[in-house]
Amino acid sequence: MKPDITIIGAGLVGALTATLLAQRGFAVTVFERRPDPRIHGFIGGRSINLALAERGWHGLRVAGLQKRIEPIAVMMRGRMVHHADGHTELLRYGRDDSQVIWSVSRGTLNMVLLDAAEQAGARIHFGQRLDAVDWENSTMELCDDAGNARTQSWTTLIGADGAGSALRMAMAAHSGLGERFEPLQHGYKELEIPARDGGGFAMESNALHIWPRGNYMCIALPNAQGSFTVTLFMPNRSSSNQGNPGFDTVRTSADAQALFARDFADVLPLIPELEKDFADNPTGILGTLYLDRWHLRGRALLIGDAAHAIVPFHGQGMNCGFEDAVELAELLHNAANDTQAVFAQFQHRRKPNADAIAAMALENYVEMRDSVADAHFLLMRALERTLAARHPSRFVPRYWMVTFSRLPYSVAFERGEIQSAILRELTAGKTSLDQVDLAFADRLVDERLEPLTS
Ligand SMILES: Cc1cc2nc3c(=O)[nH]c(=O)nc-3n(C[C@H](O)[C@H](O)[C@H](O)COP(=O)(O)OP(=O)(O)OC[C@H]3O[C@@H](n4cnc5c(N)ncnc54)[C@H](O)[C@@H]3O)c2cc1C
């Protein structure tokens, strides 16, 4: 007997999970707080994009959706670094164009997933916010846009309702989940570079642009229609390690204009609505969510950001959530009558990986905003590529394992630590690659890294 599944949240992870479960014969009902974006447009109406990597593509492939997303995805070959002196350089992510990431519109991706979920048989109810759960009677309270509350029964609940999950709150009220949220102390603001008059991109389209400035940075990802979504990351107002500049000191549109004129001068003429965007768009907060427990026996389970929200600097939150969706669908398909065992198994398999990508995402912030402009960092990256070419089965750069493979994040993290120690040891006191003793490097790699089997 397959249990009826009720999913809270029809965002990226909820909609993919609904699709995969409905495709496997589960009766799936979804409740989403927002109105249907296919009818009412996406909230905010701004073009926000995300980096899609191999783990995310895999989820889409399993759902049969790869061909629907490919036409809207823009290839990003690497980081286009905009240095403070105005020169730019492309730091490739991978070996060649077979190792790239893709920029996709969050709104379009979500709408494709909603269509797919409904086509697979899931029933999605929009404008229905989960407010409370009655665990004793297996009912929940939903509230519509007009404020009307109603009671709905359920059999098995899956919480895909994001970082501020209402289901998580209801589960925690029943029995503690060991929740810890670590705020980043840095926030973000989204801005836009429109397409050129008559169409076309205002900068190199096949790259993720970065303006690293030490304690703060800007990035820009291309959109299929020719625009770029720009995100400014800086210390928060409430941050204890208040930085200058930060949202403390850059408060008004005029402050933002002055900051860009000083630190991001090459991009300033490309953002005609900078002052308006800065004033109108909210300042987002970031942080990492850790839970000791993701499930309530066999009755309720959290997935995606609801279970493990992370900072966005590895571009992996959605990718990781899509891995959750695939893993959960497989586990439920194989043992549908024992949700208690499935949920425990799901957490056992996924939590070490969620913890690993959370740590790597935090580390990547420092790399993006600071290290990419540092000569020693670039030497380590050059050596990393040399060792990857000399030992393709043993030395695989961590970024490649995370982004271009589906090796467990925890394995990428552990091997990454060993590799990083090797790189530090070999480059200590060196300024160029030809000073590195490659025969010694080969010995270290052979001694410390087992060959990867997949
Ligand atoms: C600035 C930024 C950049 C990012 N860039 C990337 C990237 O490049 N690549 C990447 O992989 N990830 C990225 N991420 C992370 C990614 O956005 C998230 O990991 C992903 O959206 C998580 O999906 P989700 O479905 O779990 O949650 P969400 O996308 O938050 O969806 C939750 C859904 O639940 C609904 N909901 C909420 N509360 C209720 C309720 N009470 N009742 C009913 N419905 C409810 C919401 O309306 C929403 O539709 C980024 C995140 C940020 C903040």
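Reply: An oxygen atom of the ligand lies 2.9 Å from a polar backbone atom of Met 318, a polar contact being a pair of N or O atoms within 3.5 Å; within protein, one must be able to donate a hydrogen and the other to accept it, and residues adjacent in sequence count only if both atoms are side-chain atoms. The model is predicted, so local features need pLDDT of at least 70 and side-chain atom pairs count only at pLDDT 80 or more, while totals for chains, interfaces and linings use all residues. Residues are numbered from 1 along each chain as its sequence is written, and side-chain values use heavy atoms, with hydrogens and water left out.

For Gly 315, a polar backbone atom is 3.1 Å from a nitrogen atom of the ligand. The ligand taken alone exposes 990 Å², of which the protein buries 87% (Shrake-Rupley method, 1.4 Å probe; for residues, only the protein chains shown count as cover).

Around the ligand there are 29 residues, each with a heavy atom within 4 Å of it. Those that come nearest are Glu 32, Ala 51, Arg 106, Asp 305 and Met 318. By class, the shell holds twelve nonpolar, ten polar and seven charged residues; nonpolar means Ala, Val, Leu, Ile, Met, Phe, Trp, Tyr, Cys and Pro, charged means Asp, Glu, Lys and Arg, and the others, Gly among them, are polar.

At least two shell residues come from each of helix H1 (12-23), strand E3 (49-52), strand E9 (129-134) and helix H10 (317-334). Helices (H or I, at least four residues) and strands (E, at least two) are DSSP runs, numbered from the N terminus.

The axes of H1 and H10 come within 9 Å and cross at roughly 25 degrees; axes are lines fitted to C-alpha atoms, for helices over the stretch in contact, and angles run from 0 to 180 degrees between N-to-C directions. H1 is therefore roughly parallel to H10 (under 35 degrees; over 145 is roughly antiparallel, 65 to 115 roughly perpendicular, the rest oblique). H1 and H10 cross in a right-handed sense.

H1 also packs with helix H5 (residues 106-120), at about 25 degrees and with the axes 8 Å apart.

How values were computed. A crossing is left-handed if the near helix is turned anticlockwise from the far one by less than a right angle, and right-handed if clockwise.
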